[in-house]
Amino acid sequence: MIYTKEIEEMCKVNKGANHGAAPIPEEGKWVQAKEIKDISGLTHGIGWCAPQQGACKLTLNIKEGIIQEALIETIGCSGMTHSAAMAGEILTGKTILEALNTDLVCDAINTAMRELFLQIVYGRSQSAFSENGLPIGAGLEDLGKGHRSQVGTIYSTLEKGPRYLDLAEGYIAEIGLDEEDNIIGYKYVNLGKMMDNIKAGIDAMESIEKASGTYGRFEESVKKIDPRKK
């Protein structure tokens, strides 16, 4: 250790207060985190790229400092999907400090990793008060049985009004309007279920029908329109 002359000539004064790290809530315990291996928890975070063209939602399940599970969901940029594929290979097995200092290929994913790091080391994990945390696989359960991200895509113009394109239930096939052309419901296709049906050997049109459903007062609508065409 190299000291400046000014420091070397100072007299020594005892450092009295030494309370250690403040404990953080972590998987049903209060932990004084002093090393990377002291960190555990499952949490989510959002990141965005510099031009703000796209965003990433990142979910990590960390046990004793090691990333055991990663869910990477991206939207808004075609290149981000390929970046997410690479990040999925990169993240697991790394400590959260290694992951923070690793190029995850895309600015949005890197930013999401930064936000998650802050949450997890400050004890703001989603599983802070869950005894023993959540099992590996909890992140996948966020996607539901269809194993697809929940995406909302709405397009609207002042001249022609809103068009529902994708909502939590899935791809919007039709929107239902009342007498005054207000949206009162919609018909959707759950794409995850549809593809499962097709893979099981069911005819494509039958698969679509089996995976379809309605929301709101769709059956009462006086006009039904395809939001992508009309």
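Student: In which helix is serine 207 found?

Tutor: Serine 207 belongs to helix α7, which covers residues 204-210. Please keep in mind that this is a predicted model.

Student: Is serine 207 buried or exposed?

Tutor: One compares the relative accessible area with a cut-off: buried means under 20%. Serine 207 has a relative accessible area of 0%, and it is therefore buried. Leaving aside neighbours within four places in sequence, its contacts are Met194, Asn197, Ile198 and Ile202.

Student: How should I read threonine 74, and where is it found?

Tutor: Threonine 74 is part of strand β5, residues 66-75. Values between the cut-offs for buried, under 20%, and exposed, over 50%, are called partly exposed. Threonine 74 has a relative accessible area of 24%, so it is partly exposed.

Student: Which residues does threonine 74 touch, not counting those up to four places away in sequence?

Tutor: They are Ala55, Cys56, Met80, Thr81 and Ala84.

Student: Are cysteine 56 and cysteine 11 buried or exposed?

Tutor: Cysteine 56 is buried, since its relative accessible area is 1%. Cysteine 11 is exposed, because its relative accessible area is 66%.

Student: What can be read from the length of helix α4?

Tutor: One sets the span of a helix beside the span expected at 1.5 Å a residue. Helix α4, residues 107-121, has 15 residues and reaches 21 Å from first to last C-alpha, close to the expected 21 Å. After α4 comes glycine 123, with a positive phi near 75°.

Student: Which residues of α4 are buried, and against what do they pack?

Tutor: The buried residues include Ala108, Ile109, Met113, Leu116 and Phe117. The buried residues of α4 pack against several elements, among them β1 (24-26), β3 (41-48), β5 and α2 (78-91).

Student: Which residues make the nonpolar surface patch of about 530 Å²?

Tutor: That patch is made by Met1, Tyr3, Ile7 and Met10. Of these, tyrosine 3 lies in the segment before α1 (5-8).

Terms used:
Residues are numbered from 1 along each chain as its sequence is written. This is a predicted model: local features need pLDDT of at least 70, side-chain atom pairs count only at pLDDT 80 or more; totals for chains, interfaces and linings use all residues. Side-chain values use heavy atoms; hydrogens and water are left out. Helices (H or I, at least four residues) and strands (E, at least two) are DSSP runs, numbered from the N terminus. Buried means under 20% relative accessible area, exposed over 50%, partly exposed in between (1.4 Å probe, protein chains only). Contact means heavy atoms within 4.5 Å. The expected span of a helix is 1.5 Å times one less than its number of residues. Patches are made of residues with over 30% relative accessible area and no salt bridge: like charges are joined within 9 Å, nonpolar side chains (Val, Leu, Ile, Met, Phe, Trp, Tyr) within 5 Å. Accessible areas come from the Shrake-Rupley method with a 1.4 Å probe; for residues, only the protein chains shown count as cover. A salt bridge is a side-chain nitrogen of Lys or Arg within 4 Å of a carboxyl oxygen of Asp or Glu.
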